[in-house]
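I opened this notebook to keep a record of what I looked up, entry by entry.

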Amino acid sequence: SHYPSPGRDASMTCPAPVPILATAKQPGYWQCDVGNGRSNWVDFQWPFSAILEQAFCLGWPSVDFRRGGNDYRVILGQWHRRLQEACNGQPCDAEQVNQQTNAKRPVRRWPSACAKGNWEAAQLQKAQQNWVNWTNADWAWLLDVDGPDPPSVPTPPRRRYALESCFKDAFWPPLLQSWPNEKLISAAHPKGERCNFALKRLLPTRTDGDVAAGQEWSAVKNFWQQSGKGTELLAAFRVQNRGLIEAFCAQQKVMQARLSDDFTDGQRRDLGVQLLWHGTRSVQGLLDICRDGFDRARAQTCVYGKGCYFATSASYSDRYACDVHLPRSADHLLHPQVRAVFLAAVLVGECVVGSNNMYPPPQKPHSVSGERYENTCDRLPKPTIFVTYKDQQALPLYIMLYKP
């Protein structure tokens, strides 16, 4: 039947018709989401749109109809809520249920096609303003999060991030020694994803008078200029993960102890800390490394050993880097293409040239207790690729955003 009914349950009583003044001039515009998890709203055509509209205006809790050989029931929800939404020009949510299969699909009703356009324009303007709020926050994660949906909250939450000083000893690189450990802010993700690290966005120019950030940018840019990539550095995100930093410092002590007095020649070996480059093929990979560190279990191309790879040249790591997309409101970063790569601190001890899928690294012939090499590499002397075999042996420092 193409005529609406309040439902087939004999115990259901239909409420008495209620005068609808607020919606008297609303023709109603009905849609159904047929996307199966991905939004794909299609219009209800006549006479089904008229069936739904009549039931809506009469205040019925549900309405049945038959279409394409299937029986459907659309559950319209509470009458007072529907009336309020209609008066405010908002979409009214409902649900379509296939009576044979019990399959359910979202349904929504707009006061009119024009009201739908006005509401969507207002939502777009709101989303754009929300993105402006997020891009103005230098602790916000902005990589590959722009899209049809606005951030989960209008402004990024500002939460203090506590961090003890771990890099004051002279053997740490000057860049790490200069890292702040006060007034840090926990990273905020527009889609609400887990962020257990502090984040600070560094830019070529600043208007907030942050002298320390300007000096830090100059230092980071200097590393980039020495990296051999030769393209413009657009921005950098400093990543400070409390758990990863503490594990990295602990690993440094363990590895240094093994290099102290274990060798047949009686000579002490020093453990180095090198700033090297690392590319990952997805933005999700960038976020995972910021949260959980470098994971050698994810290694795929293992020419010099089964571990995490780091290069002295950003050009080499760029082969494994990913493209990123930034919110349209980040006009200070906009470029047709932006790529991202990590600058990492890596513990480098004694190296040996690695081989395909080598794991673990070989034992040192000059070690009294048979300790293994700390790293493998591509060549000796002057290696350009280093492989680590301990997850705590490298620490993500910065995500560098640059032109291809």
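Entry 1, threonine 280. I began with threonine 280, which counts as buried because its relative accessibility is 14%, where buried means under 20% relative accessible area, exposed over 50% and partly exposed in between, with a 1.4 Å probe and protein chains only. I am working on a predicted model, in which local features need pLDDT of at least 70 and side-chain atom pairs count only at pLDDT 80 or more, while totals for chains, interfaces and linings use all residues. Residues are numbered from 1 along each chain as its sequence is written, and side-chain values use heavy atoms, with hydrogens and water left out.

I placed threonine 280 in the loop between strand 11 and helix 7; helices (H or I, at least four residues) and strands (E, at least two) are DSSP runs, numbered from the N terminus. Leaving aside residues up to four places away in sequence, I found that threonine 280 touches Gly285, Leu286, Ile289, Tyr320, Ala321, Cys322 and Phe342, contact meaning heavy atoms within 4.5 Å.

Which residues lie nearest the centre of the largest pocket? I noted His278, Gly279, Thr280, Arg298 and Ala299, out of 29 residues in the lining. A pocket here is an open set of points on a 1 Å grid over the protein atoms alone, with protein on both sides within 12 Å along at least five of seven lines, whereas a cavity is a set where a 1.4 Å probe fits but cannot get out; lining residues have an atom within 4 Å of a point. The largest pocket holds about 710 Å³ of space, and strand 11, helix 7 (283-292), strand 12 (308-311) and helix 8 each give its lining at least two residues. I sorted that lining into 13 nonpolar, 10 polar and six charged residues.

I then turned to helix 5 (residues 211-225), whose buried residues are Ala213, Glu216, Trp217, Val220 and Trp224. Seen down the helix axis, these buried residues fall within an arc of 105°, so they line one face of helix 5; the arc is that of the directions from the axis to the C-beta atoms. The face turned away from the buried side carries Val211, Gln215 and Gln225, which are exposed. I recorded that the buried residues pack against several elements, among them strand 9 (198-202), strand 10 (233-240) and strand 11 (272-278). Helix 8 (314-317) is also one of the packing partners of helix 5.

In helix 2 (residues 79-87) I listed Trp79, Arg82, Glu85 and Ala86 as buried. Their arc is 130° as seen down the axis, so these residues line one face of helix 2, while His80 and Gln84 are exposed on the other side. The buried residues pack against helix 1 (48-58), strand 5 (92-98) and strand 6 (104-110). Glycine 89 follows helix 2 and has a positive phi, near 75°.

Arginine 379 touches Val353 and Thr384, when residues up to four places away in sequence are not counted.

Note on methods. Expected span 1.5 Å × (residues − 1). Points joined across faces, edges and corners; volume = space filled by probe spheres on them. Nonpolar A, V, L, I, M, F, W, Y, C, P; charged D, E, K, R; others polar.
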